[in-house]
Every structure is written in structure tokens, then in C-alpha cells.
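Subject: Handover of a structure

Dear colleague,

Please find the structure below, followed by an account of what was found in it.

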Amino acid sequence: MASVKGQEWYQADDVAEEYDDKRFSRGGQLIDRREKRAVLDAIMPVENRNVLEIACGTGRFTVLLADQGADVVGLDISTAMLQQGRAKAGRIEQEGTLEFLRGDAGRLPFPDDHFDTVIAMRFFHLADDPEAFLREMRRVSREQIVFDTFNRFSARSVYNWALPMGSRLYSKSEVSALLAKTDLTLVDVEDDFLVPYGLYRSIPNALASPIRALDTAVGGRPITDHFASVSYWNTRLR
Ligand SMILES: C[S@@+](CC[C@H](N)C(=O)[O-])C[C@H]1O[C@@H](n2cnc3c(N)ncnc32)[C@H](O)[C@@H]1O
């Protein structure tokens with residue numbers, strides 16, 4: 001089985017209960033919105049799409065996609081994280097269908113070509129063998145795979161060693177090589193966030209917007225994209 005950093009860490013009830021609050025409250029709301037935008041932009045139109053999210057955690061994307069009319073399965077290895085997702089889903093009336101399933105992203109319990117789209121957000125930075133996971137995602141997808149990576153040349157590389165489990169950071173050329181090996185074609189890649197995530201999370205929401213304005217003003221150019229914290233990859237099967 002391909003290993004994943006922090007797989008045990010996410011099984012704990014308190015970690016799961018605090019997951020959304022720690023990352024996506026205060027200025028972190030802006031990161032949550034940005035990530036959701038990236039997923040929606042990549043998948044549009046969402047309605048009636050058959051989507052699998054691996055490592056869905058607390059269901060940030062699964063619930064959103066089902067809310068917008070997709071038929072979604074959210075799979076995660078942690079019962080505690082899934083429990084948060086189910087609670088979130090219970091608070092919203094969905095247009096589409098939504099099912100949460102406990103399972104291992106390395107061995108997906110679905111036949112080949114089962115979904116239109118398979119997504120993985122905030123997962124590849126934890127994967128020791130990304131190719132094995134990407135292959136498995138590709139196997140169960142008919143059309144599209146969407147994921148994000150944390151980037152090697154970003155501010156994160158400076159403080160990565162201090163994070164509880166560190167992150168696997170990717171260069172663009174490494175991801176391009178992974179796509180080639182797994183027969184995926186790049187449709188679009190968006191780069192974002194020069195300012196470290198941690199800064200957004202630590203400031204009130206009202207302060208996040210001006211910093212974000214500066215971030216987007218400086219970002220979005222080839223040279224600064226090189227130093228972006230995160231990339232959103234939209235790919236199709238060949
Ligand atoms: C950083 S969280 C991301 C959750 C969610 N995708 C998000 O963006 O909020 C990583 C998730 O990966 C899950 N995970 C770790 N190893 C896994 C595996 N082998 N199969 C499925 N999920 C796994 C963890 O339980 C955790 O919920």
C-alpha cells in the first residue's frame with residue numbers, strides 16, 4: 001500500500017473536529033473560497049456530473065459539488081473526518097446525490113471508468129508515491145482528473161521543515177512528468193498564493209482581503225507564478 005503522511009493523525013476525533021476551524025476560519029476563509037472556485041472552474045458544468053473525491057476529509061468539496069447538482073462520492077480513510085462531512089451534509093439540502101465512504105485511495109473500491117471526474121484536493125502533498133495514487137484515480141475516471149499540489153519554489157519550502165508532518169513539494173516539471181507517465185493531458189493549470197497560507201489563517205478576515213489584493217496584484221505573471229504556493233491542475237484522460 002502506498003503510504004500517506006499523517007494518515008493516523010487524521011483518524012483522531014479532535015483533529016477532525018478542529019480541521020475546518022484551524023484552516024478555514026478567520027483569513028483562511030479566503031483560501032477555502034479560492035480552492036472551491038478552482039474546483040468549480042475545472043469541473044463546470046457540475047450538474048449531473050458523476051464525481052469521486054478521494055481523501056475528501058470533512059467534505060468541503062463533496063458537499064459543495066452535491067449542493068450544485070453533481071452526484072458525488074466522497075472517500076476517505078478516516079472515520080472521524082467522514083463524520084464531520086456527514087454532519088456538514090446534513091445541514092444542507094443537496095441538488096445531487098452524496099455518499100461518504102470509508103476507503104483507501106490506493107485501492108479504490110470501484111470498477112474502471114466509473115466516474116466522469118475524480119478529484120483530490122490537499123492530498124498529493126501527503127503522498128509518498130503520487131504516481132500510484134494518480135494511476136488509481138485514472139483507472140476509475142472516464143474523463144477528467146483534478147488535483148492540487150504545493151509547490152517547491154514557494155515560501156512553504158522555507159518553513160516546511162517546521163510543519164508537524166512536512167509536505168511533499170512539487171516542481172512543475174515533476175507534475176508534468178507524472179502526467180506523462182499516467183497518460184493524462186493537461187487542460188489548464190492555475191497558480192496562486194505567493195503569501196504563505198499560515199499568514200492568512202492567523203489574521204482576521206477583514207485583513208485578509210487587502211493582503212490578498214496585493215498577492216493577486218503581484219502574482220499572475222510567469223515569473224511570480226514560479227514562486228506560487230499552490231497549483232490547481234485540470235487534466236483529461238488521453
Ligand atoms: C489535508 S486532508 C484534506 C481533506 C480535504 N480533501 C480538504 O481539502 O479539506 C487529507 C485527508 O487525506 C485522508 N487520507 C490520508 N490517507 C488516505 C488514504 N490512503 N486514502 C484515503 N484518504 C486518505 C485523511 O484522512 C485526510 O482526511
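Aspartate 183 counts as exposed because 11 C-beta neighbours lie inside 10 Å; the class is exposed at 12 or fewer other C-beta atoms within 10 Å of a residue's own, buried at 20 or more and partly exposed in between, with C-beta atoms placed from the backbone. This is a predicted model, in which local features need pLDDT of at least 70 and side-chain atom pairs count only at pLDDT 80 or more, while totals for chains, interfaces and linings use all residues. Residues are numbered from 1 along each chain as its sequence is written.

Aspartate 183 sits in the loop between α7 (172-181) and β6 (184-192); helices (H or I, at least four residues) and strands (E, at least two) are DSSP runs, numbered from the N terminus. Although aspartate 183 is not a glycine, its phi is positive, at about 60°. Most residues other than glycine have a negative phi, and most peptide bonds are trans.

The loop between α2 and β1 holds asparagine 48, which has a positive phi of about 65° and is not a glycine either. Asparagine 48 is exposed, with 11 other C-beta atoms within 10 Å.

Arginine 26 lies in the loop between α1 and α2 and is partly exposed, with 18 other C-beta atoms within 10 Å. Its C-alpha atom is separated by 4.6 Å from that of asparagine 205, 179 residues apart along the chain. Leaving aside residues up to four places away in sequence, arginine 26 touches Arg201, Ile203, Pro204 and Asn205, contact being defined as C-beta atoms, placed from the backbone, within 7 Å.

Helix α1 (residues 13-24) packs against helix α4 (residues 79-90) at an angle of about 40°, with axes 8 Å apart. Axes are lines fitted to C-alpha atoms, for helices over the stretch in contact, and angles run from 0 to 180 degrees between N-to-C directions. In this contact, Asp13, Ala16, Glu17 and Tyr19 of α1 meet Ala80, Met81, Gln83 and Gln84 of α4.

Finally, 20 residues surround the ligand, and the closest are Tyr10, Ala55, Gly57, Ser78 and Ala105; a residue is near a molecule if its C-beta atom, placed from the backbone, lies within 6 Å of it.

Yours sincerely

Terms used
Two residues are in contact if their C-beta atoms, placed from the backbone, lie within 7 Å.
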